[in-house]
2 protein chains.
Amino acid sequence: MKKLAVFIFPGIQTLDLFGPIEMLAGFDDRIALTMVAETLAPLPTRHGQRICPDKTIDDGSDYDLLLIPGGDSAIDAGHRPEVIQWLQETGNRAELVMTVCTGSILLAMTGLLDGHRATTNKMDFRDTVGLGPNVEWVEQARWVHDGKFFTSSGVSAGMDMSLAAAAHLFGQEAADWMAEGCEYDWHRDPSWDPFAVSSGLVSPKV
Amino acid sequence: MKKLAVFIFPGIQTLDLFGPIEMLAGFDDRIALTMVAETLAPLPTRHGQRICPDKTIDDGSDYDLLLIPGGDSAIDAGHRPEVIQWLQETGNRAELVMTVCTGSILLAMTGLLDGHRATTNKMDFRDTVGLGPNVEWVEQARWVHDGKFFTSSGVSAGMDMSLAAAAHLFGQEAADWMAEGCEYDWHRDPSWDPFAVSSGLVSPKV
């Protein structure tokens, strides 16, 4: 049984959070999911829905897997030293660290991504990657797998990244079974990323 | 400003709920979203995350739009008379009613779908559509739009249906803008449904 910590914070983007939860927590005989926040008080998502943390960052870092969803406020969270310290401890200990959207920037702010290839969302790419100056940022990728890090592009990309992480952990057949159960047409190619072009981040191939 | 009620219940499938919320609540200058439950107590999703309702069914039915996500426990909810009564009142009053997955079955249990075309998820299709014997169930469809009803197939199909409903309400450009912001490759064709075949519900075309 893998213990998965999902770091949540006020303003978290709902699909960044619950897309991966759907794809990972469905393996309920193999993954035990805990939502971890700075306090136990219910916190509002980006769209105002209030969700209840299960544990706090003061309850320790004993997890096998770490997921960091995004949201504009992820960067604010990265300016709080106790958040960075918990992410460093938990990320160092975990066998696998996953991020979605600006969650990649939050992870980069810990220094753990230094020297690694990673991606983040395409619309805010140029405005945010400077917060991780020692990361090899990949402009065009649905997700990037480098070492123990799976980092993904914006919002819905977290679902594809999570299925790729599930395939890495449990095999391709298990990931395909999950996608089928969710009737989800998943993008299995990590280099598939039309949004890098449509956002103007890279030029279309001619 | 459209007032959107999202009916939530214990055991609700997370992506059924938060996929559509991401696609609809992002129109925060046009949609005001309220999560409505039987009580105000935090309730667990299918995967255990606790979410807080904003209002209860006793607070009235004054909404323009209604969204009913699914989950195996949606059918249990349909056996509670006060739930059926609130869904009937709210659904009758709303200009548009949206369902995801077994949320379609829950809506069918109210009688409001009688004589209408509708769809639901593909894996449990045959086991559940008998609860709506007067509905014209469509086996192969990502979603079905009939009158004021948008009903969708399983779990992730709720995102496509929500974007179609947004296009209906606010125009295609607005829906495409939302999908782009979420880096979501949306299925614009309501007849696209490979899961009707892969689940064995319909035969592949030869």
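**Buried and partly exposed charges, and a helix pair**

Biologist: Why is B:K122 called buried?

Modeller: The relative accessibility of B:K122 is 3%, and buried means under 20% relative accessible area, exposed over 50% and partly exposed in between, with a 1.4 Å probe and protein chains only. B:K122 therefore counts as buried. This is a predicted model in which local features need pLDDT of at least 70 and side-chain atom pairs count only at pLDDT 80 or more, while totals for chains, interfaces and linings use all residues. Residues are numbered from 1 along each chain as its sequence is written, chains are lettered from A and ligands numbered from 1 in the order in which they are written, and side-chain values use heavy atoms, with hydrogens and water left out.

Biologist: What makes the pair B:K122 and B:D193 a salt bridge?

Modeller: The closest N and O atoms of the two are 2.6 Å apart. A salt bridge is a side-chain nitrogen of Lys or Arg within 4 Å of a carboxyl oxygen of Asp or Glu, so the pair qualifies.

Biologist: Which parts of the chain does this pair link?

Modeller: Distant ones, 71 residues apart. B:K122 is in the loop between strand 8 (117–118) and helix 5 (125–128) of chain B, and B:D193 is in the loop between helix 7 (172–181) and helix 8 (194–198) of chain B. Helices (H or I, at least four residues) and strands (E, at least two) are DSSP runs, numbered from the N terminus.

Biologist: Is B:D193 buried or exposed?

Modeller: Buried, because its relative accessibility is 2%.

Biologist: Which residues are joined into one network by salt bridges that share partners?

Modeller: A:K3, A:D62 and A:R93. Within it, the side chains of A:D62 and A:K3 meet at 2.9 Å, N to O. A:D62 lies in the loop between strand 5 (55–56) and strand 6 (65–68) of chain A, and A:K3 lies 59 residues away in strand 1 (residues 2–7) of chain A.

Biologist: Why are A:D62 and A:K3 called partly exposed?

Modeller: Because A:D62 has 41% relative accessibility and A:K3 has 33%, both values fall in the partly exposed class.

Biologist: How many salt bridges does the structure hold over all chains?

Modeller: There are 18. Another of them joins A:R80 to A:E38, with the closest N and O atoms 2.7 Å apart. A:R80 is partly exposed, because its relative accessible area is 28%.

Biologist: What does A:D193 touch, leaving out residues up to four places away in sequence?

Modeller: A:K122, A:E139, A:Q140, A:A141, A:R142 and A:S153, where contact means heavy atoms within 4.5 Å. A:D193 counts as buried, because its relative accessibility is 3%.

Biologist: Why are helix 1 and helix 6 of chain B called roughly parallel?

Modeller: Helix 1 (residues 14–25) and helix 6 (residues 157–170) of chain B pack at about 30 degrees, with axes 8 Å apart. Angles under 35 degrees count as roughly parallel, over 145 as roughly antiparallel, 65 to 115 as roughly perpendicular and the rest as oblique. The two helices are therefore roughly parallel to each other.

Biologist: What makes up their contact?

Modeller: B:L15, B:G19, B:P20, B:M23 and B:L24 in helix 1 of chain B meet B:G158, B:M159, B:S162, B:L163 and B:A166 in helix 6 of chain B. The contact residues are 7 nonpolar, 3 polar and no charged. Ala, Val, Leu, Ile, Met, Phe, Trp, Tyr, Cys and Pro count as nonpolar, Asp, Glu, Lys and Arg as charged, and the others, Gly among them, as polar.

Technical notes
Axes fitted to C-alpha atoms, helices over the stretch in contact; angles between N-to-C directions.
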